[in-house]
Amino acid sequence: MTTSKLAVLTLFALLGSVSCQSGGYYFYPTPQQPSPTPSPPPSPQLMVGYYKDKCAAYVDVEAIVKKHVKATDAGMQAGLVRLLFHDCFVRGCDGSVLLDTFSNDTSLTPEKFGVPNFPSLRGFEVIDAAKAEIEAACPGTVSCADIVAFAARDASNFLSGGGISFAMPAGRYDGNVSLASETLPNLPSPFTGFDQLVKVFADKGLDAFDMITLSGAHSIGRSHCSSFTRDRLPPSNTSDIDPAFAATLQASCASPNGTDNTVMQDFKTPDVLDNQYYKNVLAHKVLFTSDAALTTNFTSNNLVRAYADFVPYLWQQKFAKAMVKMAGVEIKTAANGEIRKTCRKVNSRS
Ligand code: HEM
(Lines give C-alpha, C1' and ligand atoms only; values in the text may rest on other atoms or scores of the structure.)
Protein backbone atom coordinates (compact mmCIF):
# COMPACT_ATOMS: atom_id res chain seq x y z
CA MET A 1 0.00 0.00 0.00
CA THR A 2 1.32 3.46 -0.81
CA THR A 3 1.95 6.03 1.87
CA SER A 4 -0.78 8.32 0.60
CA LYS A 5 -3.33 5.49 0.64
CA LEU A 6 -2.40 4.78 4.24
CA ALA A 7 -2.81 8.42 5.12
CA VAL A 8 -6.25 8.50 3.52
CA LEU A 9 -7.29 5.41 5.47
CA THR A 10 -6.04 7.03 8.63
CA LEU A 11 -8.02 10.15 7.89
CA PHE A 12 -11.20 8.13 7.47
CA ALA A 13 -10.50 6.41 10.75
CA LEU A 14 -10.00 9.80 12.38
CA LEU A 15 -13.16 11.30 11.03
CA GLY A 16 -15.03 8.18 12.05
CA SER A 17 -13.74 8.63 15.56
CA VAL A 18 -15.46 11.97 16.00
CA SER A 19 -18.41 10.24 17.60
CA CYS A 20 -16.49 7.26 18.98
CA GLN A 21 -12.95 8.35 19.69
CA SER A 22 -11.51 5.36 21.47
CA GLY A 23 -13.52 2.66 19.72
CA GLY A 24 -13.45 1.18 16.24
CA TYR A 25 -10.50 -0.37 14.48
CA TYR A 26 -8.20 2.59 14.52
CA PHE A 27 -6.28 1.62 17.62
CA TYR A 28 -6.87 -2.07 17.21
CA PRO A 29 -4.34 -3.58 19.59
CA THR A 30 -1.27 -5.27 18.13
CA PRO A 31 1.75 -6.58 20.01
CA GLN A 32 3.49 -3.18 19.72
CA GLN A 33 0.30 -1.24 20.38
CA PRO A 34 -0.86 -1.74 23.95
CA SER A 35 -4.60 -1.60 24.32
CA PRO A 36 -5.75 1.88 25.35
CA THR A 37 -7.44 1.97 28.70
CA PRO A 38 -11.09 2.90 28.54
CA SER A 39 -11.72 6.58 29.09
CA PRO A 40 -12.81 7.38 32.61
CA PRO A 41 -16.50 8.16 32.95
CA PRO A 42 -17.16 11.87 32.38
CA SER A 43 -16.87 13.77 35.66
CA PRO A 44 -20.51 14.48 36.51
CA GLN A 45 -19.64 17.59 38.52
CA LEU A 46 -17.95 19.42 35.62
CA MET A 47 -20.10 21.57 33.38
CA VAL A 48 -19.76 24.30 30.80
CA GLY A 49 -20.71 27.72 32.20
CA TYR A 50 -20.39 26.44 35.78
CA TYR A 51 -19.71 29.88 37.28
CA LYS A 52 -22.57 31.67 35.51
CA ASP A 53 -24.71 31.92 38.63
CA LYS A 54 -22.20 31.15 41.38
CA CYS A 55 -21.24 34.69 42.47
CA ALA A 56 -23.51 37.02 44.48
CA ALA A 57 -23.38 39.65 41.74
CA TYR A 58 -22.74 38.62 38.14
CA VAL A 59 -19.02 38.19 37.52
CA ASP A 60 -17.74 36.93 34.17
CA VAL A 61 -15.09 34.65 35.64
CA GLU A 62 -13.94 33.22 32.31
CA ALA A 63 -13.59 36.70 30.79
CA ILE A 64 -11.30 37.75 33.65
CA VAL A 65 -9.02 34.76 33.07
CA LYS A 66 -9.01 35.42 29.34
CA LYS A 67 -8.02 39.05 29.86
CA HIS A 68 -4.99 38.04 31.95
CA VAL A 69 -3.92 35.38 29.45
CA LYS A 70 -4.28 37.84 26.57
CA ALA A 71 -1.98 40.31 28.35
CA THR A 72 0.94 37.83 28.31
CA ASP A 73 3.37 36.94 25.53
CA ALA A 74 3.46 33.80 23.42
CA GLY A 75 6.08 32.15 25.64
CA MET A 76 4.01 32.55 28.78
CA GLN A 77 0.93 31.32 26.92
CA ALA A 78 2.84 28.19 25.92
CA GLY A 79 3.75 27.79 29.59
CA LEU A 80 0.05 27.91 30.50
CA VAL A 81 -0.80 25.09 28.10
CA ARG A 82 1.91 22.97 29.70
CA LEU A 83 0.80 23.98 33.21
CA LEU A 84 -2.54 22.23 32.74
CA PHE A 85 -0.80 19.03 31.60
CA HIS A 86 1.58 19.05 34.58
CA ASP A 87 -1.24 19.83 36.99
CA CYS A 88 -3.52 17.07 35.71
CA PHE A 89 -0.90 14.29 35.62
CA VAL A 90 0.04 14.66 39.29
CA ARG A 91 -2.91 14.08 41.65
CA GLY A 92 -5.38 15.12 38.94
CA CYS A 93 -6.42 18.58 37.78
CA ASP A 94 -6.53 20.06 41.27
CA GLY A 95 -4.15 23.05 41.21
CA SER A 96 -1.62 21.10 43.30
CA VAL A 97 1.16 22.26 40.98
CA LEU A 98 0.53 25.85 42.12
CA LEU A 99 1.19 25.28 45.83
CA ASP A 100 4.34 26.78 47.33
CA THR A 101 4.42 24.28 50.16
CA PHE A 102 3.47 20.62 50.50
CA SER A 103 0.36 21.44 52.55
CA ASN A 104 0.48 23.35 55.81
CA ASP A 105 3.79 21.53 56.34
CA THR A 106 6.77 23.44 54.93
CA SER A 107 9.27 20.61 55.46
CA LEU A 108 8.40 18.73 52.25
CA THR A 109 9.09 19.99 48.72
CA PRO A 110 6.00 20.74 46.58
CA GLU A 111 5.37 19.64 42.97
CA LYS A 112 6.53 22.88 41.40
CA PHE A 113 10.10 22.09 42.48
CA GLY A 114 10.05 18.55 41.07
CA VAL A 115 12.57 17.75 38.30
CA PRO A 116 10.09 18.01 35.38
CA ASN A 117 8.81 21.37 36.67
CA PHE A 118 11.75 23.34 37.92
CA PRO A 119 12.92 25.70 36.58
CA SER A 120 11.07 25.22 33.30
CA LEU A 121 7.39 25.44 34.26
CA ARG A 122 5.94 28.93 33.91
CA GLY A 123 2.69 30.85 34.09
CA PHE A 124 2.22 30.90 37.88
CA GLU A 125 2.02 34.70 38.05
CA VAL A 126 -0.69 34.81 35.40
CA ILE A 127 -2.81 32.42 37.48
CA ASP A 128 -2.11 34.50 40.63
CA ALA A 129 -3.22 37.71 38.92
CA ALA A 130 -6.43 36.19 37.56
CA LYS A 131 -7.20 34.60 40.93
CA ALA A 132 -6.65 37.91 42.80
CA GLU A 133 -9.08 39.77 40.56
CA ILE A 134 -11.68 36.98 40.68
CA GLU A 135 -11.34 36.59 44.45
CA ALA A 136 -11.94 40.31 44.97
CA ALA A 137 -15.15 40.17 42.95
CA CYS A 138 -16.41 36.75 44.01
CA PRO A 139 -14.67 35.43 47.13
CA GLY A 140 -14.25 31.75 47.99
CA THR A 141 -15.98 30.47 44.88
CA VAL A 142 -13.65 29.88 41.93
CA SER A 143 -11.04 27.12 42.20
CA CYS A 144 -7.44 27.57 41.15
CA ALA A 145 -7.76 24.28 39.24
CA ASP A 146 -10.49 25.80 37.06
CA ILE A 147 -8.44 28.93 36.47
CA VAL A 148 -5.57 26.74 35.21
CA ALA A 149 -7.96 24.92 32.87
CA PHE A 150 -9.51 28.14 31.52
CA ALA A 151 -6.07 29.70 31.06
CA ALA A 152 -4.80 26.70 29.06
CA ARG A 153 -7.90 26.84 26.87
CA ASP A 154 -7.48 30.58 26.27
CA ALA A 155 -3.76 30.26 25.58
CA SER A 156 -4.49 27.55 22.98
CA ASN A 157 -7.03 29.86 21.40
CA PHE A 158 -4.67 32.86 21.19
CA LEU A 159 -1.68 30.83 19.99
CA SER A 160 -3.73 29.18 17.25
CA GLY A 161 -5.03 32.52 16.00
CA GLY A 162 -8.53 31.46 17.03
CA GLY A 163 -8.35 28.12 15.18
CA ILE A 164 -8.61 26.14 18.42
CA SER A 165 -11.76 27.24 20.15
CA PHE A 166 -13.68 25.22 22.70
CA ALA A 167 -15.76 25.38 25.86
CA MET A 168 -14.01 24.20 29.02
CA PRO A 169 -16.26 22.50 31.56
CA ALA A 170 -15.60 23.62 35.15
CA GLY A 171 -16.40 22.78 38.75
CA ARG A 172 -13.06 21.37 39.90
CA TYR A 173 -12.03 21.68 43.54
CA ASP A 174 -8.48 22.37 44.67
CA GLY A 175 -6.33 19.72 46.29
CA ASN A 176 -4.34 20.35 49.42
CA VAL A 177 -1.34 18.08 48.90
CA SER A 178 1.61 18.74 46.61
CA LEU A 179 4.75 16.60 46.54
CA ALA A 180 7.82 16.94 44.32
CA SER A 181 8.43 13.22 44.77
CA GLU A 182 5.25 12.49 42.76
CA THR A 183 6.31 14.38 39.63
CA LEU A 184 8.88 12.04 38.06
CA PRO A 185 6.74 8.90 38.46
CA ASN A 186 3.69 10.57 36.88
CA LEU A 187 5.01 12.87 34.17
CA PRO A 188 6.60 11.41 31.02
CA SER A 189 10.26 12.18 30.47
CA PRO A 190 11.56 13.45 27.11
CA PHE A 191 13.79 10.35 26.98
CA THR A 192 10.76 8.04 26.77
CA GLY A 193 9.94 5.60 23.96
CA PHE A 194 6.50 4.96 22.46
CA ASP A 195 5.27 2.09 24.64
CA GLN A 196 6.17 3.88 27.85
CA LEU A 197 4.45 7.08 26.65
CA VAL A 198 1.29 5.10 25.95
CA LYS A 199 1.48 3.61 29.43
CA VAL A 200 1.97 6.93 31.25
CA PHE A 201 -1.08 8.39 29.47
CA ALA A 202 -3.12 5.22 29.97
CA ASP A 203 -2.47 5.50 33.71
CA LYS A 204 -4.42 8.78 33.54
CA GLY A 205 -7.28 7.35 31.47
CA LEU A 206 -5.97 8.84 28.22
CA ASP A 207 -5.32 6.65 25.19
CA ALA A 208 -2.60 6.57 22.55
CA PHE A 209 -4.72 8.75 20.28
CA ASP A 210 -4.91 11.42 23.00
CA MET A 211 -1.17 11.19 23.64
CA ILE A 212 -0.27 11.67 19.96
CA THR A 213 -2.80 14.48 19.60
CA LEU A 214 -1.73 16.36 22.73
CA SER A 215 1.94 16.08 21.75
CA GLY A 216 1.10 18.63 19.05
CA ALA A 217 1.45 21.21 21.85
CA HIS A 218 5.16 20.92 21.10
CA SER A 219 4.56 23.29 18.20
CA ILE A 220 4.86 26.15 20.71
CA GLY A 221 7.19 27.21 23.48
CA ARG A 222 10.73 26.37 24.35
CA SER A 223 12.92 23.69 25.83
CA HIS A 224 16.03 23.77 27.92
CA CYS A 225 18.96 22.08 26.18
CA SER A 226 19.36 19.63 29.06
CA SER A 227 16.08 18.02 27.99
CA PHE A 228 17.52 16.70 24.71
CA THR A 229 21.28 17.11 24.29
CA ARG A 230 22.22 13.85 26.02
CA ASP A 231 20.18 11.46 23.89
CA ARG A 232 19.50 13.41 20.70
CA LEU A 233 22.68 15.23 19.73
CA PRO A 234 26.10 13.84 18.73
CA PRO A 235 28.05 11.98 20.06
CA SER A 236 24.83 10.06 20.82
CA ASN A 237 24.34 7.66 17.92
CA THR A 238 20.91 6.41 18.88
CA SER A 239 19.10 9.43 17.52
CA ASP A 240 17.47 9.75 14.09
CA ILE A 241 17.63 13.56 14.22
CA ASP A 242 18.29 15.45 11.00
CA PRO A 243 22.06 16.23 11.00
CA ALA A 244 21.72 19.87 9.92
CA PHE A 245 19.02 20.47 12.53
CA ALA A 246 21.22 18.81 15.16
CA ALA A 247 24.07 21.15 14.20
CA THR A 248 21.91 24.25 14.72
CA LEU A 249 20.81 22.91 18.10
CA GLN A 250 24.39 22.23 19.09
CA ALA A 251 25.31 25.80 18.23
CA SER A 252 22.37 27.20 20.21
CA CYS A 253 23.14 24.99 23.18
CA ALA A 254 26.88 25.70 23.26
CA SER A 255 27.51 27.29 26.62
CA PRO A 256 31.04 28.11 27.76
CA ASN A 257 29.77 29.08 31.23
CA GLY A 258 27.57 26.02 31.63
CA THR A 259 24.21 27.83 31.33
CA ASP A 260 21.32 25.59 30.34
CA ASN A 261 20.23 27.53 27.23
CA THR A 262 16.78 27.28 25.69
CA VAL A 263 15.67 26.74 22.10
CA MET A 264 12.26 26.98 20.46
CA GLN A 265 10.47 23.65 20.06
CA ASP A 266 9.15 24.37 16.58
CA PHE A 267 11.89 25.81 14.39
CA LYS A 268 9.41 26.83 11.70
CA THR A 269 6.42 28.55 13.41
CA PRO A 270 7.57 28.74 17.06
CA ASP A 271 4.69 30.84 18.38
CA VAL A 272 1.83 29.23 16.51
CA LEU A 273 -0.11 26.28 17.85
CA ASP A 274 -0.62 24.34 14.64
CA ASN A 275 0.03 21.02 12.93
CA GLN A 276 3.59 22.03 11.99
CA TYR A 277 4.77 19.81 14.85
CA TYR A 278 3.72 16.70 12.91
CA LYS A 279 5.60 17.90 9.82
CA ASN A 280 8.66 18.39 12.01
CA VAL A 281 8.30 14.87 13.45
CA LEU A 282 8.29 13.42 9.92
CA ALA A 283 11.27 15.59 8.92
CA HIS A 284 13.23 14.36 12.00
CA LYS A 285 13.45 17.95 13.19
CA VAL A 286 12.05 17.61 16.71
CA LEU A 287 13.82 17.94 20.03
CA PHE A 288 12.92 14.91 22.11
CA THR A 289 13.18 11.15 21.88
CA SER A 290 9.50 11.21 22.95
CA ASP A 291 8.63 13.33 19.88
CA ALA A 292 10.58 11.11 17.49
CA ALA A 293 8.96 8.05 19.11
CA LEU A 294 5.64 8.89 17.44
CA THR A 295 6.93 7.42 14.18
CA THR A 296 8.20 4.20 15.75
CA ASN A 297 4.76 2.62 15.91
CA PHE A 298 2.93 1.78 12.69
CA THR A 299 -0.45 3.22 13.65
CA SER A 300 0.99 6.24 15.39
CA ASN A 301 3.12 6.99 12.34
CA ASN A 302 -0.01 6.99 10.17
CA LEU A 303 -1.79 9.37 12.51
CA VAL A 304 1.23 11.70 12.49
CA ARG A 305 1.09 11.63 8.68
CA ALA A 306 -2.61 12.42 8.65
CA TYR A 307 -2.17 15.33 11.05
CA ALA A 308 0.77 16.62 9.02
CA ASP A 309 -0.80 16.21 5.60
CA PHE A 310 -4.38 17.27 5.99
CA VAL A 311 -5.91 20.65 6.76
CA PRO A 312 -4.91 21.96 10.20
CA TYR A 313 -8.58 21.92 11.19
CA LEU A 314 -8.49 18.14 11.64
CA TRP A 315 -5.78 18.25 14.31
CA GLN A 316 -7.14 21.42 15.90
CA GLN A 317 -10.52 19.80 16.44
CA LYS A 318 -8.96 16.66 17.94
CA PHE A 319 -6.63 18.72 20.11
CA ALA A 320 -9.56 20.65 21.59
CA LYS A 321 -11.35 17.41 22.49
CA ALA A 322 -8.21 15.90 23.99
CA MET A 323 -7.58 19.01 26.11
CA VAL A 324 -11.07 18.75 27.60
CA LYS A 325 -10.50 15.05 28.26
CA MET A 326 -7.14 15.71 29.92
CA ALA A 327 -8.70 18.49 32.00
CA GLY A 328 -11.12 15.91 33.42
CA VAL A 329 -8.46 13.67 34.97
CA GLU A 330 -9.08 12.74 38.63
CA ILE A 331 -11.30 15.69 39.52
CA LYS A 332 -11.74 16.58 43.18
CA THR A 333 -15.07 17.50 44.69
CA ALA A 334 -16.18 19.35 47.83
CA ALA A 335 -15.74 16.06 49.66
CA ASN A 336 -11.99 15.83 49.08
CA GLY A 337 -11.02 19.34 47.98
CA GLU A 338 -11.49 23.01 48.77
CA ILE A 339 -11.68 26.38 47.02
CA ARG A 340 -8.36 27.98 47.87
CA LYS A 341 -8.25 31.66 48.77
CA THR A 342 -4.87 32.04 47.12
CA CYS A 343 -3.46 29.56 44.66
CA ARG A 344 -0.08 29.23 46.38
CA LYS A 345 -1.28 27.92 49.72
CA VAL A 346 -3.99 25.76 51.18
CA ASN A 347 -6.68 27.39 53.30
CA SER A 348 -5.88 27.38 56.99
CA ARG A 349 -7.83 24.85 59.00
CA SER A 350 -8.31 27.12 62.05
C1 HEM B 1 4.08 13.20 25.44
C2 HEM B 1 4.84 13.39 26.48
C3 HEM B 1 5.51 14.69 26.76
C4 HEM B 1 6.80 14.87 27.11
C5 HEM B 1 7.85 13.79 27.29
C6 HEM B 1 7.01 16.28 27.25
C7 HEM B 1 8.20 16.87 27.62
C8 HEM B 1 8.46 18.22 27.57
C9 HEM B 1 9.74 18.82 27.86
C10 HEM B 1 10.99 18.08 28.31
C11 HEM B 1 9.61 20.16 27.62
C12 HEM B 1 10.70 21.22 27.74
C13 HEM B 1 10.94 21.60 29.17
C14 HEM B 1 12.19 22.44 29.26
O15 HEM B 1 13.27 21.84 29.28
O16 HEM B 1 12.13 23.68 29.29
C17 HEM B 1 8.26 20.40 27.20
C18 HEM B 1 7.77 21.64 26.86
C19 HEM B 1 6.44 21.87 26.57
N20 HEM B 1 5.43 20.94 26.59
FE21 HEM B 1 5.63 18.93 26.76
N22 HEM B 1 5.84 16.93 27.00
C23 HEM B 1 4.89 16.00 26.71
C24 HEM B 1 3.55 16.24 26.45
C25 HEM B 1 2.98 17.49 26.49
C26 HEM B 1 1.56 17.76 26.53
C27 HEM B 1 0.49 16.68 26.62
C28 HEM B 1 1.41 19.11 26.51
C29 HEM B 1 0.15 19.93 26.55
C30 HEM B 1 -0.97 19.55 26.00
C31 HEM B 1 2.73 19.69 26.43
C32 HEM B 1 3.00 21.02 26.30
C33 HEM B 1 4.26 21.57 26.30
C34 HEM B 1 4.53 22.98 26.04
C35 HEM B 1 3.51 24.02 25.61
C36 HEM B 1 5.89 23.17 26.23
C37 HEM B 1 6.65 24.50 26.13
C38 HEM B 1 6.53 25.18 27.50
C39 HEM B 1 7.17 26.53 27.62
O40 HEM B 1 7.62 27.11 26.63
O41 HEM B 1 7.20 27.05 28.76
N42 HEM B 1 3.66 18.69 26.47
N43 HEM B 1 7.59 19.22 27.19
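Note on backbone geometry

1. P119 sits in the loop that runs between α3 (74-88) and α4 (124-137). Helices here are DSSP runs of H or I with at least four residues, strands are runs of E with at least two, and both are numbered from the N terminus. The peptide bond leading from F118 into P119 is cis, with omega near 5°.

2. This is a predicted model, in which local features need pLDDT of at least 70, side-chain atom pairs count only at pLDDT 80 or more, and totals for chains, interfaces and linings use all residues. Residues are numbered from 1 along each chain, as its sequence is written.

3. A cis peptide bond also links P234 to P235, with omega about 10°. P235 belongs to the loop between α9 (229-232) and α10 (243-253).

4. R91 is not a glycine, yet its phi is positive, at about 70°. R91 is placed in the loop between α3 and α4. R91 counts as buried because it has 21 C-beta neighbours inside 10 Å. The term buried applies if 20 or more other C-beta atoms lie within 10 Å of the residue's own, exposed applies at 12 or fewer, and partly exposed covers the range in between, with C-beta atoms placed from the backbone.

5. E330, a residue other than glycine, has a positive phi near 40°. The location of E330 is the segment after α14 (312-326). E330 has 17 C-beta neighbours inside 10 Å, so E330 counts as partly exposed.
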